[in-house]
Amino acid sequence: MPAQTREIPQGTPRDVGAQATKEPRLPEFDSTLGIAVEPETRGTPPHRIVALGDSLLQGFQSGAVFHTDLSVPAIVAHELGVLRTFRYPRYGGPGGLPLNIELMLRRLDDRFGSSLQPWEVPLALFAVRSFMDEVEDYWERGPGATTPVVAAYQHNLSCFGWDLRDALSRTAQTCADAIDTPGDDFLDQVVQNNGDRAALHVYPHWAPPQRTMTLFDAAFALGEDHDGTTESGIETLVVFLGSNNVLGTVTDLRVQWSGPDFRDLARKGAYTIWRPEHFDAEFAEVVAQVERISARHVVWCTIPHVTIAPIARGLGTKVEPGSRYFPYYTRPWIDERHFDATRDPNITGAQAAVVDAAIDLYNTTISRTVADARAGTSGPVRDWHLLDVCGLLERLALRRYIDDVQARPAWWTPYPLPAALAALDPVPDSRFLTADGRGGRATGGFFSLDGVHPTTVGYGILAQEIMTIMAHAGVEFRHPSGEVRTGPITVDWERLIRRDTLIRTPPQNIDSTMSILGWADEVADLARRTLSIRL
């Protein structure tokens, strides 16, 4: 297995540089890490599935949080037979928050057709600005500006844009305080404080004590909510946090290591990647919070290598045979033939390698935490499990490994797609989504139109992995009638495919409107401001 890179960019922390010259971290595909645990259990906890996370659990897709009934925990709740009682935030308006790229492209398609002609670009730009203005008006001055009523603790306690510190410190009160008096800026049409507005649909705030609760406090309350016939209020808790401590490297295309004020809510936004010692310090606080939550099983997710996401498209051929990396990574709407490294936003292959190395160190910490909990190293034995999302995405990475045999590490095998996905034409892959001009897809399928977040079937893969862990841990899956399910516990793939508009009928103007996305990115900072990065 080759080292990640031979070149270490200036300013790289020493431990990250050392990791980057070693073999990449070996993924863990056994959720128990080989450590057997037999927890004492009784009865069925009232809250079958609870999630603590960011956009990847909230249901963010194509630049907006909208169809939250198709989030990962909601898919799991459906398969458990408890979706009717599963509590999750809902978002209305024109496509949710902050900007639904799919809806925007479909409106352009309705008006201009599937192929945008050069002379239509000015009118299309005006139409996009009008749509963005409509979204902004709804959330800042219209019905969406009213603080929603959250009358009970949500089961999906996930907020897009939240990093470790946000989850630890933010409350409904801090979110409400952060929302400024809105202004109607002709150019800046992305909803102001969109993350705080969305979070108020998640956080409890029906009385003064709840207004100062963190996400962990809300999960703690759910854990204590049982009548004594069971040992825990929560059966399975899924924790997926930390991606936003590194995602800015590809959404901003900038590598800025965290400084000593990384815990400062007002200052940490300047950083796009956390030094491993800073990540470890905050993750230790997260672990301490989860330890006090009464949950029978906890599934911890590792952080994916964000450099695989097609929002940062690798240009040209790999830097050398056997390498995972391309010389430069830039926006998918930038024409490769005219790319200029001195003008166009980009990170280099060497920078991508150290980003991955930092993530490997983060994931080593997460894995070690789960192993220590299962072994009872520093406390009671806990039935904690590891879902190695990082390794999962590596097995789906088309340009990194599937199409490059020389770059594949010894452990690598392709992810075995469910039959329903493997039967799709074309088979979904990890490239940026494009259309075939005949109503279907030409490329992509796992990533939505923001190039970062999964499609519905992509979320289905993550849900399936969580369900497999839960089933092995002894969780009972039931039909809505209450009857226990037998045999392999699988996602209803036909249901998800029917609901996945990007898989079935993607906008046919994706290719011709790439220039529109580039304009929106240049004028409104689209990539950074709609892809789960806090302002």
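A salt bridge here is a side-chain nitrogen of Lys or Arg within 4 Å of a carboxyl oxygen of Asp or Glu. The views below come from a predicted model, which holds 30 salt bridges in total.

**View 1. Salt bridge between Arg337 and Asp335.** The closest N and O atoms of Arg337 and Asp335 are 2.9 Å apart. Arg337 counts as exposed because its relative accessibility, 72%, is over the 50% cut-off. Asp335 is partly exposed, at a relative accessible area of 29%.

**View 2. Salt bridge between Glu285 and Arg165.** In this pair the closest N and O atoms lie 2.9 Å from each other. Arg165 is buried, with 7% relative accessible area, whereas Glu285 is partly exposed at 28% relative accessibility.

**View 3. Salt bridge between Asp344 and Arg343.** The side chains of Asp344 and Arg343 meet at an N to O distance of 3.3 Å. Asp344 has 12% relative accessibility and therefore counts as buried, the cut-off being under 20%. Arg343 is exposed, with a relative accessible area of 55%.

**View 4. Salt-bridge network of Glu136, Asp137, Glu140 and Arg141.** These four residues, Glu136, Asp137, Glu140 and Arg141, are linked to one another through a network of salt bridges.

How values were computed
Residues are numbered from 1 along each chain as its sequence is written. This is a predicted model: local features need pLDDT of at least 70, side-chain atom pairs count only at pLDDT 80 or more; totals for chains, interfaces and linings use all residues. Side-chain values use heavy atoms; hydrogens and water are left out. Buried means under 20% relative accessible area, exposed over 50%, partly exposed in between (1.4 Å probe, protein chains only).
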